[in-house]
Amino acid sequence: MSKVRTDTIAAVATPPGRSAISLIRVSGPAAFEVLNKVFKTGGKKTFPLPHCAYYGSIIEPVSGLIADKVLVTTFVAPHSYTGENLVEISTHGNMVVVSKVLQLVLQSGARAAEPGEFTRRAFINGKMDLLEVEAVAQLLSADSMTQARLALNQLDGLPSQFVSRIRGLLLDHLVQLEASLNFPEDAIEAIDEHILANELKKIVAELRIFAENARNGSMVAGGLKIALLGRPNSGKSSIMNYMLGRERAIVTEIAGTTRDTLEESLMIGNYAIKLIDTAGLRKPGDRIEEIGIERTRRAVDEAFALVGVFDGSSYPDADDQLVLAELQRAGKPFVILRNKIDLPQNLPQDFFAGQQQLAVSAVKGSGLDHLTAALNDIIEQNGLADYEALVLLGAQQSVALEKALVALERACSGVGHLYQDMLAIDLEEAVRELGRVNGETVELNTLDLIFERFCIGK
Ligand SMILES: Nc1nc2c(ncn2[C@@H]2O[C@H](COP(=O)(O)OP(=O)(O)OP(=O)(O)O)[C@@H](O)[C@H]2O)c(=O)[nH]1
Ligand SMILES: [Mg+2]
């Protein structure tokens with residue numbers, strides 16, 4: 001579906017199954033004509049008046065039989081979700097009835113919509129830019145209120161305004177640069193490279209913060225990954241199970257029980273978390289364990305924060321030292337747990353060299369509320385709670401943003417040393433890539449990739 005289509009489309013916007021109400025959307029230039037063929041209003045209002053709700057019946061044109069009693073709402077272009085004439089039909093939520101009504105609408109001149117086609121039209125018609133489109137996609141897939149708020153905040157348009165403003169500024173500089181390059185003899189003011197360098201520096205600084213907020217946004221949206229790390233038998237899987245409230249991971253007294261990483265979702269406060277149980281760190285005994293430990297290291301790299309689990313009942317060994325070193329090496333926020341405090345303690349108090357430790361027992365469940373609180377604090381102290389600042393980008397938008405930043409950093413360091421035509425090339429790239437972030441420069445086939453993640457009817 002690479003070309004822009006302007007025919008009239010229809011789809012069920014609500015999930016299948018029985019419910020009080022289902023919603024069918026019809027959008028396009030002929031939306032009202034299509035409805036006129038199948039809808040008889042019960043009241044005195046003539047159909048279709050703009051922005052009105054009508055109670056009436058969907059009638060099978062040939063037999064004259066009623067397919068359903070419905071509520072029809074009209075939206076006139078450009079004041080609708082898609083920017084086109086749009087009708088929403090609220091039917092009874094029974095799939096037999098819903099399918100029949102949709103079938104009649106399709107027989108009356110509408111075409112079945114493809115996934116994301118309503119939102120795609122909203123984008124094409126300038127009702128939203130690509131940042132808002134991404135926000136809609138993420139709102140539909142949010143698992144927590146924090147994720148939903150993040151998306152709703154983006155729908156308010158601040159990130160869109162930011163990208164559009166920065167792109168506009170760069171475009172102005174580019175135009176000036178091109179003008180002085182192409183018409184040097186005309187009375188165009190020469191570029192003051194000192195001023196240009198300063199302005200580009202300011203823009204780079206703003207864009208760096210935006211990119212950081214986008215990286216944090218994607219972490220929050222995807223569920224913050226927290227990995228449990230510890231030597232075999234320290235109690236990682238027991239802690240995972242306790243936090244999940246079910247026996248997800250196998251727990252035995254045999255060291256090396258967990259061989260693969262296990263990932264499960266849970267909520268900590270308002271945040272969607274992906275808790276990762278890992279294979280215990282030690283010198284691997286066999287090939288399977290070696291692969292498991294490689295995966296543990298990958299989980300550490302991907303995690304946002306780490307939980308180091310130590311067995312308080314046993315004497316520390318080289319594997320515990322390895323875990324401690326790994327926690328420090330990773331450069332991520334971490335929490336240290338002294339597990340098994342229900343048993344006599346043999347792990348010296350000073351083993352963690354003054355680092356704060358939380359005393360817990362996975363078997364008794366004691367102290368683990370402190371772990372939840374500590375993780376909550378870590379999230380909030382790392383700028384991940386400030387959903388008004390966070391930005392949600394799709395994969396292609398993230399790539400484009402990073403490219404824009406690189407081009408701009410290059411331009412920035414080149415002012416004063418590079419030929420102006422080289423600067424112009426970098427500025428042009430930054431402008432083009434930022435246009436891919438908000439959709440001001442986006443190819444039609446790229447749109448296919450963006451909208452195919454949506455459901456039909458959205
Ligand atoms: N007494 C006591 N035993 C515990 C506690 N936590 C775990 N255990 C026991 O310690 C043993 C190992 O627990 P696991 O949760 O399998 O440890 P693990 O760190 O996942 O071990 P690997 O998967 O081998 O790396 C099991 O016998 C658990 O019942 C605790 O708080 N107190
Ligand atoms: Mg385990």
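**Loops, sheet and ligand**

Let's begin with Pro48, which sits in the loop between strand 3 (39–41) and strand 4 (53–59). Bear in mind that this is a predicted model. The peptide bond leading from Phe47 into Pro48 is cis, with omega near 0°. The loop between strand 3 and strand 4 also holds His51, which has a positive phi of about 50° despite not being a glycine. Both features are worth a glance, because most residues other than glycine have a negative phi, and most peptide bonds are trans.

There's another cis bond to look at: Ala77 and Pro78 are joined by one, with omega at about 5°. Pro78 is in a loop too, this one between strand 5 (66–75) and strand 6 (86–93).

Now zoom out. The chain is divided into domain 1, covering 9–129, and domain 2, covering 142–439. How far apart do the C-alpha centres of domain 1 and domain 2 lie? They are 43 Å apart.

Six strands make up an open sheet with mixed pairing, and their order is 9-10-8-11-12-13. Strand 9 (262–268) and strand 13 (357–359) stand at the edges with a single partner strand each, so each has one side left without a neighbour in the sheet. Going from one strand to the next, the twist averages 30°.

For a closer look at the pairing, pick strand 8 (residues 224–230) and strand 10 (residues 271–277): they pair in the parallel sense over 4 bridges. If you want a pair to click on, take Ile226, whose bridge partner in strand 10 is Leu275.

Helix 11 (residues 368–381) lies across strand 8, strand 9, strand 10, strand 11 (305–311), strand 12 (334–339) and strand 13. Relative to strand 12, helix 11 runs at about 170°.

Last stop, the ligand. Which residues are closest to ligand 1? Of the 23 residues that surround it, the closest are Lys236, Ser238, Gly256, Thr257 and Thr258. Protein backbone shows up in the polar contacts here. A polar backbone atom of Ser234 is 3.3 Å from an oxygen atom of ligand 1, and one of Thr252 is 3.5 Å from a ligand 1 oxygen atom. Val363 also has a polar backbone atom 3.3 Å from an oxygen atom of ligand 1. As for exposure, ligand 1 taken alone exposes 650 Å², and the protein buries 89% of that.

Notes
Residues numbered from 1 in each chain as written. Chains lettered and ligands numbered in written order. Predicted model: local features only at pLDDT ≥ 70, side-chain atom pairs only at ≥ 80, totals over all residues. Heavy atoms only, no water. Pairing = 2+ DSSP bridges. Helix = DSSP H or I, 4+ residues; strand = E, 2+ residues; numbered from the N terminus. Axes fitted to C-alpha atoms, helices over the stretch in contact; angles between N-to-C directions. Contact = heavy atoms within 4.5 Å. Near = heavy atom within 4 Å. Polar contact = N/O pair within 3.5 Å; in protein donor to acceptor, adjacent residues only side chain to side chain. Areas by Shrake-Rupley, 256 points an atom, 1.4 Å probe, with all protein chains shown as cover. Domains from an automatic or database assignment.
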